[in-house]
Amino acid sequence: MNGKVAKEDLDSRVFDTVNVMLLLLCTIVIVVPLWNVIISSFSSGRALAEGGFIFWSPEFSLENYRAVFNDSSIWQAFFISVSKTTIGVATHVFFCAMVGYGLSKKYLRGRKLYVTMGVITMFFSGGMIPTYLLIKSLGLLNSFWVYIIPALFSFYDVIILMNFFRNVPDSLEESAKMDGAGDWHIFLKIFIPLSMPAMATIALFNGVGQWNDFMTTKLYITDQSLYPLQMMLYEIIVQSQTQSMQNIGGSAVIETTTKGVQLATIVITTLPIVLIYPLLQRYFISGMMLGAVKE
């Protein structure tokens, strides 16, 4: 009996060791490229031209970041990115919460039809060209609101909130109505505070999507004053590739200086998400679990 217990204990230790080694390997695979990007962004043009380093640069420099921060268009793009992410997340979460609150009520007439119509939109869309024609007919081309209005609604997020609202006890709503509270008061004062984990989950999803989105700009925006950071990064990458083609056989320092600016822009663009994500991670986990409960 003791031999069987010892064998099980040995197997458990071997299993734990293998898991730790796999986790360490995955961590190295993820962290090393990120660290190399950060170190390369602080490297001089000469060091980038010579290359050959992974963990530490032989020649540090802040010129890449000075070039980025001295560019006024970068600050304008940063303002656009922050504005569209903040406004987009707030309006998206509130709009989806309103729809989810209404669809969570069993007494709503036509509720099954509305849910069916919403589910269909999760699998089928009008396509790129019809969507472009719709955006054009609404007058949203070269408008800041093209970042906000088309992204107001997502039925996937509505489903999460709808299932979350169903878990709120009916006695809370009934007692509030007995005290004279209306639907808006109940929604804003009871359901919104209780649904913060689910709303934080949706805010995290939508915020990352808004911050990283550049296809909306690529399709609907030609005014460079409305470019977000991601579109500026795209322009820098395209310019660096163009200069690389033009400087074949020429000076490598010019190419790698552009590459350094590109890497510095990547770090600056990624930093806000890296800082915000740990703050919302606990809400993300609890919100996904609670919103996944079915009726």
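**Close-up views of a predicted model**

**Figure 1. Phe164 in helix α7 of the predicted model.** At 7% relative accessibility, Phe164 counts as buried, because buried residues are those under 20%. This residue is found in helix α7. Along the chain, Phe164 and Tyr101 are 63 residues apart, yet their C-alpha atoms are separated by 9.2 Å.

**Figure 2. The aromatic pair of Phe144 and Tyr147.** Twelve aromatic pairs are counted in the model. One of them joins Phe144 and Tyr147 in an edge-to-face arrangement, with 6.0 Å from centre to centre and 75 degrees between the planes. The pair counts as edge-to-face because its angle is over 60 degrees. Phe144 has a relative accessible area of 17% and is therefore buried, the cut-off being under 20%. Tyr147 also counts as buried, with 2% relative accessibility.

**Figure 3. The aromatic pair of Phe165 and Phe191.** The rings of Phe165 and Phe191 form an edge-to-face pair, 5.5 Å centre to centre and with 85 degrees between the planes. This pair links distant parts of the chain, since Phe165 belongs to helix α7 (residues 155–166) and Phe191 to helix α9 (residues 183–194), 26 residues apart. Phe165 is buried, with a relative accessible area of 3%, and Phe191 counts as buried at 2% relative accessibility. Both residues are members of one aromatic cluster, formed by Phe94, Tyr101, Phe165, Trp184, Phe187 and Phe191.

**Figure 4. Helix α10, residues 196–212.** The end C-alpha atoms of helix α10 are 24 Å apart. This agrees with expectation, because 17 residues at 1.5 Å a residue should span 24 Å. The helix is mostly covered, with twelve of its 17 residues buried. Among the buried residues are Pro197, Met199, Ile202, Leu204, Asn206, Gln210 and Trp211.

**Figure 5. The largest pocket and its lining.** The space in the largest pocket is about 490 Å³. Its lining is made up of 24 residues, and those nearest the centre of the pocket are Val146, Pro150, Ala151, Thr216 and Tyr220. Helices α6 (128–137), α10 and α11 (215–220) each give two or more residues to this lining. The largest share, four residues, comes from α6.

**Figure 6. Asn142 in the loop between α6 and α7.** The backbone angle phi of Asn142 is near 55 degrees, a positive value in a residue other than glycine. Asn142 is partly exposed, with a relative accessible area of 37%.

**Figure 7. Spans annotated as transmembrane region in the UniProt record.** The unreviewed UniProt entry gives the annotation "transmembrane region" to residues 20–38, 74–101, 113–132, 144–165, 186–205 and 261–280. In the predicted model, residues 20–38 are 100% helix and 0% strand, and the end C-alpha atoms of this span lie 26 Å apart. For residues 113–132 the content is 80% helix and 0% strand, with the end C-alpha atoms 28 Å apart.

Notes. Residues numbered from 1 in each chain as written. Predicted model: local features only at pLDDT ≥ 70, side-chain atom pairs only at ≥ 80, totals over all residues. Heavy atoms only, no water. Expected span 1.5 Å × (residues − 1). Buried < 20%, exposed > 50% of the residue type's maximum accessible area, 1.4 Å probe, protein only. Phe/Tyr/Trp six-rings, centres within 6.5 Å; stacked < 30°, edge-to-face > 60°. UniProt positions renumbered as here; feature names shortened; annotations may be inferred. 1 Å grid on protein atoms, 1.4 Å probe; cavity = no way out; pocket = protein on both sides within 12 Å on 5 of 7 lines; lining within 4 Å. Points joined across faces, edges and corners; volume = space filled by probe spheres on them.
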